[in-house]
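Subject: Structure handover

Hi,

Here is the structure we talked about.

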Amino acid sequence: MFHWLEKNPFLFSVGVFIVIAFAGLIEILPNFAEAARPIKGLKPYTVLELAGKEVYKKDNCIACHSQLIRPFKAETDRYGQYSLSGEYAYDRPFLWGSKRTGPDLHRVGNYRTSDWHANHMWDPKSVVPTSIMPAYKHQFKNIADTETAYAEAVTVKRVFNTPYGPEIAPSKEAYEKYYKEKLLPEAKKIAKEMKNKEVEAMVNQGKVPEIVALIAYLNRLK
Amino acid sequence: MQSNTALEYDYSVAKLYMWTTVIFGIVGMTIGVLIAAQLAFPELNYLMGEYGTFSRLRPLHTNVVIYGFTLSGIMASFYYSAPRVLKVSMGELPLINALAKFQFVAYLVAATGMVISLGMGITANKEYAQMEWPLDVLIVVYWVIWGINMFALIGARREKALYISLWYYIACFLGVAMLYLFNNMEVPTLFFSGGLGAWYHSVSMYAGTNDALVQWWWGHNAVAFVFTVPIIALIYYFLPKESGQAVYSYKLSLLSFWGLMFVYLWAGGHHLLWSTVPDWMQTMGSIFSVVLILPSWGSAINMLLTMKGEWNQLTENPLIKFMVLASTFYMLSTLEGPIQAVKSVNAIAHFTDWIPGHVHDGVLGWVAFMIFAALMHMSTRVFKREIYSKSLLEAQFWIQTTGVVLYFTSMWIAGITQGMMWRAVDEYGNLMYSFIDTVTVLHPYYTIRAIGGLLFLIGVFMFAYNLYKTATAGRKLENEPQFRSPMA
């Protein structure tokens, strides 16, 4: 029946390709532009928040935490308003996750504070006694890679027109100016809220540990 | 035209991949057992400082078993069986043979880079596509070389019609190429930021909901084109070869091949049910997942019926045991998947341990069992020796089967328990359980799962020992066995 096709590897391959490719075209393309639109009033991440998102990625929080509240009463009761497509417009990559070994975090900024996070990341059992989450003490020591986060902001501004102001520009000087005038004050505020003397001292010396950036990011999730 | 027996096949590339299959299998599954144990006993998170937490190790586990163990097994089988069904030896094409060895080196470099970068936390953070762009580029090169080799072999073939296994290898090549390219479209920050920051960093080309769509179009179809399509290629070659039986039905294999190709990609949306992707896409994903039962069971039934009248082999030959149980697990897994893809079931199952449970009855029971059987069958032809120990193979089979059963049954219970507790409300409509209640209740199931995984890992060590002894100390064979692999 199809023997002729099996003797013609070229036509066979073309056939296979067409059969597998068009499902993607039909399913993904139609809503592409619409799904990329942000909700009203959505601001892009600050560089400190982006650096925090990098910590979130580096320690791979999505292995256990989702950022997607589904439209069920049990979920909106537990986590708040269900998630909207436009809220993710600046998320590259998306961080929905696929497993909830721990709770959803999409609106964690609404009900957890900086010092709660600080205690929790240092020793989860200190706030949730039977928690099985590991402690992330190294985040209090490692310095956040704010330069890469800045590079990311510059890239998305130039390539995807993400609405950043003129303070985000592709040069070392622009980065250093931003770091001193915008990023450090933001970090100092978080460090103060964390009520952790060592972290505060570090930030006052001009160094931003990963935990400060991470908490800035988590507080932003609302 | 030469006859099959007159042609001396060159297995040098297949041999290389056989050993990486074993090594990556041991590494990847050891990490798997460790992270399974960490969920039951969290103290195990602190064995290696920041590099030893569950979260950092989980992508290492998934990537090493997918791109290390499974892909090596597929390549070993391809470089063994493709020349045989095409009746052309790798040795007759010196350039292609050299290119295949270069491909192997590129593979090792990419795999090493993958282990190091993921261990350090350098990640694009899209599941099963975590590698950053420099490694992605290397992988594309690697994949293109595989395509060149495949079509060069096909071009030089003496057997005019392509055997069923080759259809699946071609589909694997094309499918992964297309999906991998689109999903890993990312913009390196290096080129747009005036050289600021880490050189390997990138941002995804897609944002939010779109990124999720493309990612699960990949994520689901990586399952299709790595865990399903090439493994079907394996069973279509190795089961008839080992049993001496002809494939039951040519028409059924046609139907299930083209059916699978057509339906599989539509089903990707079932990973995004109740999310913010458009509703019609979710429904399509759900419906096509159910339709997917047909072509999946078509292949599996075709394989089981191939054994018609020869079921006695099941008791006599452990390799037949592995392969028959593999297609049975394939049937289980491809029935379970569509059940989870029904919207109302998914509302409970999604985000729970039922999902890793489902993945593992497929990958342990189907993928790994097929690879073990294929490598053992090959070893007698490649090393021209008898399999070192039949009783060891038998013991491996039963230990691993017990392990898989413990794994998925415990995860079924864990997943449904947790899914139900999340939504349980009291008589006033308030949530009954705080989140941590739904975690502590899982401890016994996590423990059972870790034990199941450990049993499977013990089986892998038995397999590695058996294969090594076969290659070095098995009784030498005068002639290549025609069907059943001889074993001591």
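Predicted model: local features only at pLDDT ≥ 70, side-chain atom pairs only at ≥ 80, totals over all residues.

Residues are numbered from 1 along each chain as its sequence is written, with chains lettered from A and ligands numbered from 1 in the order in which they are written.

**Helix H2 of chain B**

H2(B) covers residues 54-86. Helices here are DSSP runs (H or I, at least four residues), numbered from the N terminus. H2(B) packs with H3(B), residues 94-120, at about 170°, and the axes are 10 Å apart. Axes are lines fitted to C-alpha atoms over the stretch in contact, and angles run from 0 to 180 degrees between N-to-C directions. That angle makes the pair roughly antiparallel (over 145 degrees; under 35 is roughly parallel, 65 to 115 roughly perpendicular, the rest oblique). Residues in this contact include Tyr67(B) and Gly68(B) of H2(B) and Met114(B) and Leu118(B) of H3(B). Contact means C-beta atoms, placed from the backbone, within 7 Å. By class there are 10 nonpolar, 3 polar and no charged residues. Nonpolar means Ala, Val, Leu, Ile, Met, Phe, Trp, Tyr, Cys and Pro; charged means Asp, Glu, Lys and Arg; the others, Gly among them, are polar.

H5(B), residues 164-183, also meets H2(B): the axes come within 10 Å and cross at roughly 130°. H2(B) is therefore oblique to H5(B). Phe78(B), Ser81(B), Ala82(B) and Val85(B) of H2(B) touch Ser165(B), Leu166(B) and Tyr169(B) of H5(B). That contact has 5 nonpolar, 2 polar and no charged residues.

**Between the chains**

The contact takes 70 residues from chain B and 75 from chain A. H6(B), residues 208-243, gives the largest share of the chain B side, 8 residues. That side has 41 nonpolar, 21 polar and 8 charged residues.

H8(B), residues 279-291, has 13 residues. Its buried residues include Met281(B), Gly285(B) and Phe288(B). The buried residues of H8(B) pack against H2 (9-28) of chain A, together with H7, H11 and H12 of chain B.

**Ala36(A)**

Ala36(A) sits in the loop between H3 (32-35) and H4 (47-58) of chain A. Beyond its neighbours within four places in sequence, Ala36(A) contacts Ala89(A), Ala207(B) and Asn210(B).

Best wishes

Definitions and conventions
Helix = DSSP H or I, 4+ residues; strand = E, 2+ residues; numbered from the N terminus. Contact = placed C-beta atoms within 7 Å. Expected span 1.5 Å × (residues − 1). Buried ≥ 20, exposed ≤ 12 C-beta atoms within 10 Å, placed from the backbone.
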